[in-house]
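Please look over the sequence and the 3D structure below before reading the report.

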Amino acid sequence: MNTFAADVLGCKTPLILAPLAHLASNELIAAVTNAGAIGTLPLHRFKPEQTRDRLRQIRSLTNGPIMVSFTGEWERDENLDVLLEFEVQLAMVFWWNGPRLIHRLQAHGIKVGWQIGTDEQLSDALSRDADFIIAQGLEAGGHVRSPHRLDDLLSLIGDRTDRPIVAAGGINTPSRAGQLVPSAASAVMIGTRFCVCDEANNSDSDRTLLIDAEHDSVILDTTLRGDWPCAFRRRLSTGGDLDVPERYANANISEIVSVLPAAQIMADFAKVLNQ
Ligand SMILES: Cc1cc2nc3c(=O)[nH]c(=O)nc-3n(C[C@H](O)[C@H](O)[C@H](O)COP(=O)(O)O)c2cc1C
């Protein structure tokens with residue numbers, strides 16, 4: 001029995017669906033939760049009415065534990081009140097919005113995971129009493145800021161805290177998850193693997209591009225773009241060089257070779273993580 005999953009996350013399997021922008025359909029979020037882990041809704045620029053609509057739809061599919069992620073500085077405080085209506089008890093923040101949000105969320109009984117990529121960001125998270133730490137390594141798909149590969153980041157921070165650590169970035173296979181949990185982390189957070197599943201909100205051709213991608217199909221794009229505070233993006237450079245979430249992918253993309261239902265992906269991970 002994984003005590004972090006049971007006591008903090010409120011689920012059986014120590015796995016969190018990474019926030020996946022608009023690829024995170026209601027069906028995907030609910031499928032991960034209904035399979036015993038944590039589905040995550042990214043609140044990207046949502047107005048409170050949109051948050052309420054999405055949570056209402058997700059709650060028609062699952063009553064289990066879900067997480068919301070606050071992805072930018074532009075998030076509206078009014079969204080916090082909506083969370084309480086739908087019994088959301090988990091949230092994720094970053095180094096830039098954490099200081100503003102964490103204590104408000106915790107005051108409402110919401111447990112907060114703080115995503116970090118450096119030692120310095122860990123200090124911020126600990127000084128503000130994050131309930132758990134999400135350590136995102138350099139391999140991660142989409143927006144990534146850490147200069148450290150995941151294993152190096154975990155070694156760097158492991159001795160500094162007894163807070164539970166969730167490992168994220170480049171984890172596509174149950175065997176990799178099993179290398180990390182429970183020895184180096186209490187749980188894993190997984191993104192790209194779930195972009196290649198039946199429930200993800202992307203097209204068949206987007207999924208085919210991801211399946212066909214090799215290691216060198218992925219670049220870390222360091223150009224500054226948009227208003228996201230962390231501008232580096234790991235994405236496919238194949239298929240038209242588009243810079244959109246449908247083309248975000250982690251550095252280990254060549255390990256993903258088939259489209260599967262989310263429940264199957266979950267069952268494969270659960271076999272290893274629940275041993
Ligand atoms: C398609 C895609 C969309 C993403 N959208 C978001 C997002 O909306 N908010 C966020 O905080 N992170 C987002 N991320 C970053 C993931 O949270 C990050 O990649 C996570 O560490 C999981 O890594 P993995 O994709 O290597 O498994 C996205 C990543 C991908 C691949």
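Predicted model: local features only at pLDDT ≥ 70, side-chain atom pairs only at ≥ 80, totals over all residues.

Residues are numbered from 1 along each chain as its sequence is written. Helices (H or I, at least four residues) and strands (E, at least two) are DSSP runs numbered from the N terminus.

**Ligand shell**

The ligand is surrounded by 27 residues, and the closest are A18, G141, G142, G191 and N250. By type, the shell holds 14 nonpolar residues, twelve polar ones and one charged. In this count Ala, Val, Leu, Ile, Met, Phe, Trp, Tyr, Cys and Pro are nonpolar, Asp, Glu, Lys and Arg are charged, and the others, Gly among them, are polar.

**Core**

A residue is buried if 20 or more other C-beta atoms lie within 10 Å of its own, exposed if 12 or fewer, and partly exposed in between, with C-beta atoms placed from the backbone. A nonpolar core is a set of buried Ala, Val, Leu, Ile, Met, Phe, Trp, Tyr and Cys residues joined through C-beta atoms within 7 Å. In soluble globular proteins, nonpolar side chains tend to be buried together. The largest nonpolar core here has 91 residues, of which I133, V166 and V188 touch the most other members. Helix α11 (residues 262-273) gives this core its largest share, six residues.

Two residues are in contact if their C-beta atoms, placed from the backbone, lie within 7 Å. L15 lies in strand β1. L15 counts as buried because it has 28 C-beta neighbours inside 10 Å. Leaving out residues up to four places away in sequence, L15 touches A37, A187, V188, I190, F269 and L273.

In helix α6 (residues 119-127), the residues Q121, L122 and A125 are buried. They lie on the same side of α6, because they cover an arc of only 105° around the axis. This arc is that of the directions from the helix axis to the C-beta atoms. An α-helix has 3.6 residues a turn, so residues three or four places apart point the same way. The exposed residues D119, E120 and S127 sit on the face of α6 turned away from its buried side. The cover over the buried residues of α6 includes α5 (98-107), β5 (111-116), β6 (132-136) and α7 (150-158).

Helix α2 (residues 26-34) is largely enclosed by the rest of the structure, because seven of its nine residues are buried. These buried residues are N26, L28, I29, A30, A31, V32 and T33. Among the elements that cover them are β1 (15-17), β2, α3 (48-59), β3, α9 and α11.

**Strands**

Two strands pair if DSSP finds at least two bridges between them. An open sheet of three strands has the order β7-β11-β10, with antiparallel pairing. β7 and β10 (218-221) are at the edges with a single partner strand each, so one side of each has no neighbour in the sheet. Elsewhere, all four residues named in strand β2 (residues 39-42) are buried, with G39 and L41 pointing one way and T40 and P42 the other way.

| Strand pair | Sense | Bridges |
|---|---|---|
| β10 and β11 (233-236) | antiparallel | four |
| β2 and β3 (66-69) | parallel | four |
| β7 and β11 | antiparallel | two |

L220 stands opposite R234 in β11, while H143 has R233 of β11 as its bridge partner. T40 is paired with M67 in β3.

**Backbone angles**

Most residues other than glycine have a negative phi, and most peptide bonds are trans. E87 is not a glycine, yet has a positive phi of about 55°. E87 is in the loop between α4 (78-85) and β4 (90-93). D241, also a residue other than glycine, has a positive phi near 55°, and lies in the loop between β11 and α11. A cis peptide bond, with omega about 5°, joins V181 and P182. P182 is in the loop between α8 (174-180) and β9.

Methods. Near = placed C-beta within 6 Å.
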